[in-house]
Structure formats: C-alpha cells, structure tokens
Amino acid sequence: MSDYELVADEARLSEVVAEARRASEYALDTEFHREQTYYPRPGLLQLAWEERVVLVDPLATPLGPLKALLDSGATAVMHAPDQDLEILRHCLGRLPGHLVDTQTAAGFCGLRSASLRDLLARFLNLEVAKGDRLTDWLRRPLQPEQLAYAAGDVRHLLALWAALRARLAALGRLDWCAQECELLRARQSSGRPAEEAWRRVRELRRLPTRSQPLAMAVAAWRDRRAARLDIPARYVLSDLALAAVVQAAPDTRGALAAVRGIDAGAVRGSTGAELLEVIQQARRNPPRVVRNPKTSESSHLQPVVALVSAWLSQVARDDDLDPALVATRADLASFLEGEPGARLATGWRYEHYGARVEELMSGRAAVAMDSGGKLRIEQRSGRPL
C-alpha cells in the first residue's frame, strides 16, 4: 500500500486543503514540462504536512482549492522554487503568503546551490534515488515509480527545514534567511518584464550600445507574442534571427525576408507585419535602456570590483556563507556606483559587508594579505611603500 494519497477530484482536493491549512507549515513541489510552451505545464503537484503526503493531478482536477492554502497563514517550504512559483502564479494567480526556500537556507549554512538530494544526505543522513529527468509527467497513467519519486520530493522537506532552521538559529542567521526568502517571493510575484528579455539573449548583449533600444523592443515583442500564443520564444523567432533582425533593421517585407533565419511564411503573415511595426515604432520613439551592471562595469571600477569581489568571496566562505548570497559582481558594481536598490546597501548585507566596503572606498581602510595568504580589510596606515 502506498504511503501517499493521489487526488484527482476537486471535492477531495478541497477537503485536503482544509486539512493542510490547520498545519503551521507545509511542503510544496511541482513536476512540470515547458519544452513546447511558454508557460510551464504542471504534470503533478505535491504536498506534505505532519505525516501526510498528497499528490494532486492537475490534469484531472482544477487547482483552484489550493488558493485557500496559499492564502493561509501557513508557511510553504520549498526547494529552489523559482519555476514552481511561476506555475502557481500562472495557474492560480497568487503565491504562498509565507515562503521558505531550503536551498537559500542552505546557502546561509555555507552550501552553494545544493541539491535536495545532497541536503537530505548531509542533514538527515538520508540517501534518496536520483530521479529520471526525462520522465514524462504529462502522460497518463503515471507509473508507481513516478509517483513514489514525486512523493519523495516533499516527504522529508519539513524535517530538512527543521534541521536547517536549527543550524541557522545557532549561527544567528534566521532573520537573514527570512529576509532573503521574502525577496525571492516578492521577485516572483510579478514575473519578469518583457522589456528585460533582450538581456537574456547572448547574441543581443554583444551588440553595440546604439542597437540596444531596438534589441529591447524586438525581444520584448517576441516575448509577449510567445506568451500570448503559449509557445517557446524561439518558435516565434530564433535567437539568431532575433539578432539578425536587430542588426539589419528591415523596413519592408522584402528586406525582412532577406534576413538570416527568418521563415518565409512568417514574413507573409501576421508575424512579419507585427515585427515591421515594432521596428518602425522603435525607430520613431526608441525605448530607454536602463544600464545593467550585469553586463557593464564602469572602466574605472573594474579593478576595484575585481579586488573587492575576491575579498567578499573569501570572507563569505570564512563566515560559512554561499558567496553568491552576499553579493555577485553585479551587486558590487551597483553598490559602488550608488545605484538605488543595490542589494549590498540594505539589511544584513550592508551591516556585515557593505559597511566595510564603504570603509575601503572612503580610504579609511585597505585590503591586505595576511601571513596565511588571505585577504583582509584593515585600518589604513596612509604610509605608501
């Protein structure tokens, strides 16, 4: 007999949600595909609380009753939940009111991008089988081994969080973790703006600055069209064709047809008409491109960013933290340039790290190497060698 319940009925799902809402926290995960769609398609949703494990079949029942669980005061415990949250936002129009990410929590214990399997082994001494990443979660009926694997993804999440929470409490970092998980939840609440889509295309990031407004406009159009049709963006226009369109900036169907990677059928249809209109609008009124420190550092800051980044990476490891949680090079560049909203300028990051970087930048401190070969920030002597 299985140790989980498979729910494929809306009335039963409502009953399950009523039970789960009485718990203070619940584990949540999803299995999904997105190879042929813009939005991820859920194939299974898993819940666990107390001694219960429930698998919900979204192909058999509407997920609406889950809104009551997400809106409750209970905390959702998830692992690396970015795409799971995207599914909830798209399917239900909301996210959990309270969220814990065990991967983020592990980062505050010094573990970098740790997998759930590794964390279960480290903190709970549990060895779980690797899943088959090629399994088809949309084919029915789901096989017993698929269901058992999916149940395993949530069965131990609450126990794992309890172990991580104890470690974080010992380190004095529970508040840090709570702040970071709330930032993650807030970041996912509105999704990624289409105007930022061009930054995710390597071929467009290499274009000269003068081409960036058109790159933004065309990539945003591609993203919105893909979302409207629920197809992958590459089905609208490949990355290669996207870059070629930006470079050529065609103004007629004939010129568009000559662009590398453009399908002749698309030129004749609505795709071609829409694309040409987007290009014309971007020429008449170029969109404003906000500088992104991820792709650009001021030349005078590059040596400073490199040096301080090395120190931050080292001190984070010394403090048993994932260095990426403290600050990336982009975070550091935005902080050094005084940009509003720089991550290193607020909260625990500023208190423990940003303030020391400010001491360095003000000239009151200096980076030195100790006898063990480690970088340290020390009070500056003012005596040049």
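At what angle do α10 and helix α15 (residues 270–284) pack? In this predicted model, the angle between α10 and α15 is about 145°, and their axes lie 9 Å apart. The crossing of the two helices is right-handed. On the α10 side, the contact is made by L214, A217, V218, W221, R225 and R228. On the α15 side, S270, T271, E274, L275, V278, I279 and A282 take part.

Helix α10 itself was examined next. Its 18 residues should span 26 Å at 1.5 Å a residue. The end C-alpha atoms of α10 are 26 Å apart, which agrees with that expectation. Of the 18 residues of α10, 15 are buried, so the helix is largely enclosed by the rest of the structure. Just after α10, D230 adopts a positive phi of about 55°.

The side chains of R222 and D239 meet at 2.9 Å, N to O. R222 belongs to helix α10 (residues 212–229) and D239 to helix α12 (residues 239–248), so this pair ties together parts that are 17 residues apart in sequence. R222 is buried, because its relative accessibility of 7% falls under the 20% limit. D239, at 30% relative accessibility, is partly exposed.

The count of salt bridges in the model comes to 25. Side chains of opposite charge can pair when their charged atoms come close. R140 sits in the loop between α5 (116–124) and α6 (144–155), and D57 in the loop between β4 and α2 (66–70), so the bridge ties together parts that are 83 residues apart in sequence. R140 is partly exposed, with a relative accessible area of 30%. D57 is buried, with a relative accessible area of 10%. Another bridge links the side chains of R199 and E196, with N and O 2.7 Å apart. Here R199 is buried at 11% relative accessible area, whereas E196 is partly exposed at 30%. Salt bridges with shared partners also join E5, R12, E15, E19 and R52 into one network.

The strands were then considered. Strands of a sheet pair through backbone hydrogen bonds, either parallel or antiparallel. Six strands form an open sheet in the order β1-β4-β3-β2-β5-β6, and the pairing is mixed. The edges are held by β1 (5–7) and β6 (99–101). Each of these two has a single partner strand, so one side of each is left without a neighbour in the sheet. Neighbouring strands are turned by 25° against each other on average, direction ignored.

Within this sheet, strand β3 (residues 41–49) and strand β4 (residues 52–56) run antiparallel and are joined by five bridges. L45 stands opposite V56 of β4. Helix α3 (residues 82–92) packs on the sheet and touches β2 (25–33), β3, β5 (75–78) and β6. The direction of α3 makes about 85° with that of β2.

E25 is placed opposite T75 of β5. Three bridges also connect β5 to β6, again in parallel. M78 has D101 of β6 as its bridge partner. Both faces of β5 are covered. T75 and V77 lie on one side, A76 and M78 on the other, and all are buried.

A further strand, β8 (residues 375–379), contains I377. I377 is partly exposed, with 23% relative accessibility. L360 is 17 residues away from I377 in sequence, and their C-alpha atoms are 7.4 Å apart in space. Beyond its neighbours within four places in sequence, I377 is in contact with W311, R356, L360, A365, A366 and V367.

Conventions
Residues are numbered from 1 along each chain as its sequence is written. This is a predicted model: local features need pLDDT of at least 70, side-chain atom pairs count only at pLDDT 80 or more; totals for chains, interfaces and linings use all residues. Side-chain values use heavy atoms; hydrogens and water are left out. Two strands pair if DSSP finds at least two bridges between them. Helices (H or I, at least four residues) and strands (E, at least two) are DSSP runs, numbered from the N terminus. Axes are lines fitted to C-alpha atoms, for helices over the stretch in contact, and angles run from 0 to 180 degrees between N-to-C directions. Contact means heavy atoms within 4.5 Å. A salt bridge is a side-chain nitrogen of Lys or Arg within 4 Å of a carboxyl oxygen of Asp or Glu. Buried means under 20% relative accessible area, exposed over 50%, partly exposed in between (1.4 Å probe, protein chains only). The expected span of a helix is 1.5 Å times one less than its number of residues. A crossing is left-handed if the near helix is turned anticlockwise from the far one by less than a right angle, and right-handed if clockwise.
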